[in-house]
Amino acid sequence: MIPADADELVTTQDIAEKYQANEATVTYWTTLPGFPEGWPAGPGRTLVREAAEVDAWLKENLPVHWAKGQDSDNPFGLPAGGPKDLVTLSDICAWEGKALGRTEPVPEGTLRSYMSKKPPKMPGPDRVPGDGKTPEVTERMWFRETAYAFVNRPRRMRRQTKAEEPPAGEQTPAASSALPSRSATARTGHLDAHAIATTYGVSGQTARGWIRAAGFPKADELGYSAAEVDEWMRENRQRTWAKAQRRAELSGHAWAGSSATDEDAAVSRELAEPTASAEPAAEAQGEQAHLTAEMIGPRYGVSEYTGLQWTNVKEKREGGKVVRQAFPAPRRTQPRMYDPREVDAWVEKHRPHVWAAFKGTGPALVHELPEGDPRDLLDIDDFAEVLGMATRGEALVRETVHAYHSRGQIPFADRTAGDGKKPRVFQDHWYRETVYRFVLSRRGPGRFGPRS
């Protein structure tokens, strides 16, 4: 039934054209939680949706695609100002985060890494300290027009925070405005060729090829049994089956008609429906019932690699006293699943700087930073001790900080051997203010680009 107050109605083709996506991608969006429901209309009974509802959903879940559909040079509502106004890297981080639909700024290290890529993904600063121009600047600065051109650039996003694109390298199902939804599959327990393509994230041609393969389940009057198809996929197309399972878990859908093991099915159910023991607040906010190892880093605003490294942290004792607590054990294996409350408690205690950024409460340190002159020179061992004691309660080993420096994860040294400055140094040194600024602003691993 068409709503009486409907204004503008759009088809899949209309959505694809407005938001500069192909129809297969729009078809994938329709399978994501909360996407506006459609209904058949017109002589051809074409599936249509409310344009305003689609726009609102995209703005909330896929802001990058939403921006492509706005007839504006400033779709994200960036502050007005003169094109030659000078802005800082932290300003651009905040605007980039807004463009990505995040409540927190993008880490500065991320944008530094963009500048260091070849070719660079972000333009270098328009002004640098000591460039002889006016007004004098004490840090790298960009013109507002440069920053806005970067933030409003055309984007191709592989992954969004709230909704995901089809995984890279996989074919998307052939476009059709009448593909069955997963809920319909759950009701009937049967699939047709289009539904098989949608379920396993492949093209219609690929799905029809499977149907013709020897041993593929036979169709009855209702179509192909979802359970039998899933069993065939699990045995004959294991990688595609595993990716489909993964997508179902991430999108919060139970696996309709799945013939997976009891443990796999239980995991899917728990991901889709919070358990009765979950805290009411978490349930109301859509909190994940469990976290996979790959979800841990992104949850706290650091890289997936960092989160995986945390899961390997073992208990450390000195003189019978526990000085470092092991990372919580997974509640399940294959895949590893962690209780988010246990992980929260560990991060809050052992990575307080990351926890503070995650909660938006500002920098938090295990030990206060020692007093000293801002222009004191600290060597690599001093850097390791200050950073480790402030963020973990124990000094980092020298080799770790050397590795950070070589990978561009800490600021470049202010003084190097043979730089001709006084006092003379024979190895890398940092000013105390440089080290302290890094410790207090650190949100996890960054990527410091080359010197300007």
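This talk walks through several local features of one predicted model.

Good morning. Residues are numbered from 1 along each chain as its sequence is written, and side-chain values use heavy atoms, with hydrogens and water left out. Because the model is predicted, local features need pLDDT of at least 70 and side-chain atom pairs count only at pLDDT 80 or more, while totals for chains, interfaces and linings use all residues.

I begin with the strands. Helices (H or I, at least four residues) and strands (E, at least two) are DSSP runs, numbered from the N terminus. Two strands pair if DSSP finds at least two bridges between them. An open sheet is formed by three strands in the order β1-β3-β2, with antiparallel pairing. β1 (9-10) and β2 (39-41) are at the edges, each with a single partner strand, so one side of each has no neighbour in the sheet. β2 and β3 (residues 46-50) are joined by three bridges, and Ala-41 stands opposite Thr-46 in β3.

A hairpin comes next. β9 (residues 316-318) and β10 (residues 321-324) pair in the antiparallel sense over three bridges. Arg-317 has Val-322 in β10 as its bridge partner. Two residues lie between the strands of this hairpin, and Gly-319 has a positive phi near 60°.

Buried means under 20% relative accessible area, exposed over 50%, and partly exposed in between (1.4 Å probe, protein chains only). In helix α7 (residues 144-151), six of the eight residues are buried, among them Tyr-148 and Phe-150. The buried residues of α7 pack against β4 (86-87), α5 (89-99), α6 (108-116) and β5 (142-143), where contact means heavy atoms within 4.5 Å.

How are the buried residues of α17 arranged around the helix axis? In α17 (residues 340-350), Pro-340, Val-343, Asp-344, Trp-346, Val-347 and His-350 are buried. These buried residues fall within an arc of 165° seen down the axis, so they line one face of the helix. The arc is that of the directions from the helix axis to the C-beta atoms. An α-helix has 3.6 residues a turn, so residues three or four places apart point the same way.

Next, consider Asp-379, in the loop between β12 (377-378) and α19 (380-391). Asp-379 counts as buried because its relative accessibility is 17%. A polar contact is a pair of N or O atoms within 3.5 Å; within protein, one must be able to donate a hydrogen and the other to accept it, and residues adjacent in sequence count only if both atoms are side-chain atoms. The side chain of Asp-379 reaches the backbone nitrogen of Asp-382 at 2.9 Å, and a polar atom of that side chain lies 3.1 Å from the backbone nitrogen of Asp-381.

A salt bridge is a side-chain nitrogen of Lys or Arg within 4 Å of a carboxyl oxygen of Asp or Glu.

The structure holds 15 salt bridges. One of them joins Asp-376 and Arg-432 at 3.1 Å, N to O. Asp-376 lies in the loop between α18 (352-359) and β12 and Arg-432 in helix α21 (residues 432-441), so the pair ties together parts 56 residues apart in sequence. Arg-398 forms a salt bridge with Asp-381, with the closest N and O atoms 2.6 Å apart.

Thank you for your attention.
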